[in-house]
Amino acid sequence: MSVVLPIVQLGDPVLRGTCRALTKPELEKKKMRDLIEAMRDTMRAAPGVGLAAPQIGLPWRLAVIEDREETQEGIEPELLEERERAAVPFHVIVNPELEVIDAEPVSFFEGCLSLTGFVGLVPRAHAVRVRCLDEKGDPRVIDASGWYARILQHEIDHLNGTVYVDRMLTRTFMSGEQYARYWADKDVEQVARDLGV
Ligand code: ZN
């Protein structure tokens with residue numbers, strides 16, 4: 001049975017605090033495995049490509065990530081290519097440390113499940129390396145570029161009390177509805193020019 005948890009919305013202090021690290025014994029508890037499963041189901045139901053523990057009210061350095069092919073259906077292949085977006089299998093990151101590998105900023109529209117209905121253009125590093133633990137408490141090193149690197153940066157930001165609106169080009173902030181109506185079909189350079197950024 002899938003469990004869908006309520007997602008905390010911006011304004012809740014948990015989204016602005018710093019999360020604490022988890023230990024291997026904590027990760028080995030059945031309760032933690034159940035929680036990770038519930039986070040996965042919640043992310044899929046939303047649907048989203050990542051969910052951090054503070055988004056379900058828990059100040060822990062833990063996030064789940066998955067970019068399924070089903071979620072990408074309906075997005076033009078050229079757009080997927082432009083975003084360097086490919087499927088990412090479900091996985092868990094715990095106590096992540098982020099290292100920027102390619103700082104070249106890349107801007108795309110981004111949304112957040114804790115700020116539903118809005119999007120903004122967010123510059124992010126093109127490539128990153130993440131050192132973390134997996135759900136079993138074993139160390140992992142993740143090298144990512146493109147959209148996957150964006151997801152990792154977005155989720156790790158959540159663990160440090162940062163939300164995309166802190167990093168976005170503020171003139172590009174808009175409702176998802178108006179984004180679809182006026183901007184979704186334009187390339188990012190055009191959008192930036194038209195919005196005066
Ligand atoms: Zn988010």
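Asp194 is partly exposed, with 38% relative accessible area. The model described here is predicted. Asp194 pairs with Lys186 in a salt bridge, with N and O 3.0 Å apart, and Lys186 is likewise partly exposed, at 35%. This pair is one of 17 salt bridges in the structure.

| Salt bridge | N to O distance | Relative accessible area |
|---|---|---|
| Asp194 – Lys186 | 3.0 Å | Asp194 38%, Lys186 35% |
| Arg40 – Asp41 | 3.2 Å | Arg40 23%, Asp41 12% |
| Glu70 – Arg68 | 3.6 Å | Glu70 49%, Arg68 28% |

In the second pair, Asp41 counts as buried at 12% because the cut-off for buried is under 20%, whereas Arg40, at 23%, is partly exposed.

**The zinc site**

The zinc ion is coordinated by SG of Cys112 and by NE2 of both His154 and His158, at 2.1 to 2.3 Å. Along the chain these donor residues follow the spacing C-x41-H-x3-H. Cys112 sits in the loop between strand S3 (88–110) and strand S4 (118–133), while His154 belongs to helix H5 (residues 146–159), so the pair ties together parts that are 42 residues apart in sequence. Cys112 and His154 are both buried.

**Helix H5**

H5 consists of 14 residues and spans 21 Å from its first C-alpha to its last, close to the 20 Å expected at 1.5 Å a residue. The helix is mostly covered, 14 of its 14 residues being buried. Gly161 follows H5 and has a positive phi, near 75 degrees.

Gln153 is placed in helix H5 and is buried, with a relative accessible area of 8%. A polar atom of the Gln153 side chain lies 2.9 Å from the backbone oxygen of Ala125. Leaving aside residues up to four places away in sequence, Gln153 touches Leu98, Arg124, Ala125 and Val128.

In soluble globular proteins, nonpolar side chains tend to be buried together. Here the largest nonpolar core has 30 residues, and Ile93, Ile142 and Leu152 have the most contacts inside it. The elements contributing two or more residues are strand S2 (62–67), S3, S4, strand S5 (139–145), H5, helix H6 (176–183) and helix H7 (188–195). H5 gives the most, with seven residues.

Which residues does Ile93 touch, not counting those up to four places away in sequence? The contacts of Ile93 are Arg61, Leu62, Ala63, Ile65, Cys132, Leu133, Ile142, Leu152 and Ile156. Among them are Ile142 and Leu152, which, with Ile93, are the residues that have the most contacts inside the largest core. A second, separate core has 15 residues, including Leu27, Ile36, Leu62 and Val92.

Notes. Residues are numbered from 1 along each chain as its sequence is written. This is a predicted model: local features need pLDDT of at least 70, side-chain atom pairs count only at pLDDT 80 or more; totals for chains, interfaces and linings use all residues. Side-chain values use heavy atoms; hydrogens and water are left out. Donors are N, O and S atoms within 2.8 Å of the metal (3.2 Å for Na, K and Ca); water is not among the atoms, so sites may look incomplete. Helices (H or I, at least four residues) and strands (E, at least two) are DSSP runs, numbered from the N terminus. Buried means under 20% relative accessible area, exposed over 50%, partly exposed in between (1.4 Å probe, protein chains only). The expected span of a helix is 1.5 Å times one less than its number of residues. A nonpolar core is a set of buried Ala, Val, Leu, Ile, Met, Phe, Trp, Tyr and Cys residues joined through side-chain atoms within 4.5 Å. Contact means heavy atoms within 4.5 Å. A salt bridge is a side-chain nitrogen of Lys or Arg within 4 Å of a carboxyl oxygen of Asp or Glu. A polar contact is a pair of N or O atoms within 3.5 Å; within protein, one must be able to donate a hydrogen and the other to accept it, and residues adjacent in sequence count only if both atoms are side-chain atoms.
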